[in-house]
Amino acid sequence: MAGPVNGFTVEATCALEFGPGAVARVPALVDGLGRAAAFVVTDAGLRATGIVDRVVGDLTAAGLWTEVFDGIGSNPSTTAVEHGATALRAFGSCVVVAIGGGSVLDAAKGIALLATHHGARATDDLWSSPVAGLPLVAVPTTAGTGAETNGFGVVEDTCAKRKVYLGHASVRPRVAVLDPELTVGLPPAATAATGFDALVHGVESLASRGANPVSDAAAAQAVALVGRWLPVAVDDGTDLEARAQLLLGAHLAGQALTVSGLGLVHGIAHAVTAHTGTPHGVALASVNEQVMRWSAGAAAEAYARAGAALGTADAVAGTAALVEGIRVRRPLHELGVDRGLLPVLAAAAVVDPVTANAPRTPTEDDVREILDAAW
């Protein structure tokens, strides 16, 4: 006999422009949102590649006023978001165009929101504010976070050494522009780290307490795409098909996690990054196998779906093999974590909001054992 039918609500995600050359449509997208100006948020490293100047040139040629804020780091801080919001407020009414990896996209959402909230800080709770942020177009240049699918960002409160969540429904990007040509120049190590983030998004979404049939469908397809194409993109960064399929897989994983939420791998990784500055994907890889093994009993059905998507009967072993193949895993002690920090990381991971979605609820002692095994 069939069980009860559980209801759920899924909000629509952004519009999607996908394919080689899609970035050329950014000026028309800005114009279509009814604004005559674009405030471009990016980082200095990406700006040096010429990608940002190319987009700015297209915007200017279309008769749109532009300004660039490139003060976003690899782990964006609340201070950087506040500085960007001050610059945006001075620039005026516009569309925010975020060009970069997940850090840039997350920060841009905070900037677009704070710009319309005079006197607010990046640590303030603005989720239910009646004031909307400025509209945003997202142009990801890495295939990892899926940050273009949702209206929140994870930024670092450097004073408190913790990650904070900043967001509002109004700063969910109106359009995501997925142009695989923009990811071709990403080095192998960065491709591996960001791509592994997307894989974990898919697996944790399948196992999340918030999962439903919609998130499961997106997550399973994401795991299949990332599992198939991430090793290819790491080995040959010029393979445009691999880049395109990986970018699409990361986007689908972002759609899944926006519905389902994530889990303990992310909860621990947020703490590791906040205390050591480790890139997010590397932090995930340092503890993923240990968390999956600890969660396996509670996540058996989800891991069976993940394994099927990866083409293996054992999702834990299959994921571990992929990690080794793309050379992204490093033990915690190589990331600057000394044993004295383990209790601090455990305490932070347990209270991180994503951990509440984990299929098995951990105590601090549980997380400490996981960290010991990953050290």
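How exposed is Arg330, in terms of relative accessible area? Arg330 has a relative accessible area of 37%, so it is partly exposed; buried means under 20%, exposed means over 50%, and partly exposed is what lies in between, using a 1.4 Å probe and protein chains only.

Before going on, keep in mind that this is a predicted model: local features need pLDDT of at least 70, side-chain atom pairs count only at pLDDT 80 or more, and totals for chains, interfaces and linings use all residues. Residues are numbered from 1 along each chain as its sequence is written, and side-chain values use heavy atoms, with hydrogens and water left out.

Back to Arg330: its side chain meets that of Glu334 in a salt bridge at 3.7 Å, N to O. A salt bridge here is a side-chain nitrogen of Lys or Arg within 4 Å of a carboxyl oxygen of Asp or Glu. Glu334 is partly exposed too, at 42%. The structure holds eleven salt bridges. Another one pairs Glu17 with Arg25, at 2.7 Å from N to O, and Arg47, Asp53 and Asp70 are linked in a network of them.

Now look at Arg305 and Asp216, whose side chains also meet in a salt bridge (3.7 Å, N to O). This pair links distant parts of the chain, with Arg305 in helix α11 (residues 300-310) and Asp216 in helix α7 (residues 213-235), 89 residues apart. Helices are DSSP runs of H or I with at least four residues, strands are runs of E with at least two, and both are numbered from the N terminus. Arg305 is partly exposed at 33%, while Asp216 counts as buried at 18%.

Next, find helix α9, residues 264-276. Eleven of its 13 residues are buried, so the rest of the structure largely encloses this helix. Among the buried ones are Leu264, His266 and Thr273. The buried residues of α9 pack against β6 (152-157), β7 (162-167), α6 (188-207), α10 (280-295), α13 (342-351) and α14 (364-374); contact means heavy atoms within 4.5 Å.

Finally, the cysteines. There are zero disulfides here, a disulfide being a pair of cysteine sulfur atoms within 2.5 Å. For Cys94, the nearest cysteine sulfur is that of Cys14, 19 Å away. Cys94 is buried, at 0% relative accessible area, whereas Cys159 is exposed, at 76%.
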